[in-house]
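Trainee: I have this one open on my screen. Please walk me through it.

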Amino acid sequence: MSVKIKQFIWIGGPCKGIAPKVAELEKQFNTVKFLKADVDVAQELVQKYEITSMPTFVFFDDGKVVNKFSGASVALLLGALKKLTGVQEEQGEVNVLADFN
């Protein structure tokens, strides 16, 4: 299964706070490609995915949105990643392959 995550984020407030945690999660999920978009530049994406607050995480599987949430919640992000990748608590960490531009 191919899972992609797009993270729409601006620099400041809660986004700066969660950025190091997102970087850590990148190192744990090798079936996930992490992408970051600047909401000031990517207005078309903001409108398409109805981004109203930052950070907002939009999860894709086979090109379809399968989950979306706003807020700097590491617990929600980790839970969504585990659900999308099928990682169970007892399986532990997996190798990392992430491209965060």
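Mentor: Happy to, starting with a term we will need: a residue is buried under 20% relative accessible area, exposed over 50% and partly exposed in between, using a 1.4 Å probe and protein chains only. This is a predicted model, where local features need pLDDT of at least 70 and side-chain atom pairs count only at pLDDT 80 or more, while totals for chains, interfaces and linings use all residues. Residues are numbered from 1 along each chain as its sequence is written, and side-chain values use heavy atoms, with hydrogens and water left out.

Trainee: Got it. How many helices and strands are there in the protein?

Mentor: There are three helices and four strands, and they run β-α-β-α-β-β-α along the sequence. These are DSSP runs numbered from the N terminus, with helices (H or I) of at least four residues and strands (E) of at least two.

Trainee: And what percentage of the residues is buried?

Mentor: Buried residues make up 35% of the 101. As for contacts (heavy atoms within 4.5 Å), 70% of those with a separation of 6 or more join residues 24 or more positions apart.

Trainee: Let's look at strand 3. How many of its residues are buried?

Mentor: Six of six, so the strand counts as mostly covered. Thr56, Val58 and Phe60 are buried on one side, and Phe57, Phe59 and Asp61 are buried on the other. In a regular strand, side chains alternate between the two faces of the sheet.

Trainee: In what sense does strand 3 pair with strand 4?

Mentor: Antiparallel, over six bridges; to count as paired, two strands need at least two bridges in DSSP. Phe59 stands opposite Asn67 of strand 4. The two strands make a hairpin with two residues between them, and Asp62 in that turn has a positive phi of about 55°.

Trainee: On to the core. Which residues have the most contacts inside the largest nonpolar core?

Mentor: Phe57, Phe59, Leu77 and Leu81, in a core of 14 residues. Such a core is a set of buried Ala, Val, Leu, Ile, Met, Phe, Trp, Tyr and Cys residues joined through side-chain atoms within 4.5 Å. Helix 1 (13-26), strand 2 (32-38), strand 3 and helix 3 each supply at least two residues of this core, and helix 3 gives the most, with four. Another core, of six residues, lies apart from it, with Val39, Val46, Tyr49 and Ile51 among them.

Trainee: Tell me about helix 3, then. Which of its residues are buried?

Mentor: Leu77, Ala80, Leu81, Lys82, Leu84 and Thr85. The 12 residues of helix 3 (residues 74-85) should span 16 Å at 1.5 Å a residue, and its end C-alpha atoms are 16 Å apart, which agrees; the expected span is 1.5 Å times one less than the number of residues. After helix 3 comes Gly86, with a positive phi near 75°.

Trainee: Changing topic, where is the cis peptide bond?

Mentor: It joins Met54 and Pro55, with omega about -5°. Pro55 lies in the loop between helix 2 and strand 3. Glu50 lies in that loop too, and has a positive phi of about 50° although it is not a glycine.

Trainee: Is Glu50 buried or exposed?

Mentor: Glu50 counts as exposed, at 59% relative accessibility. Ile18, in helix 1, counts as buried at 2%.
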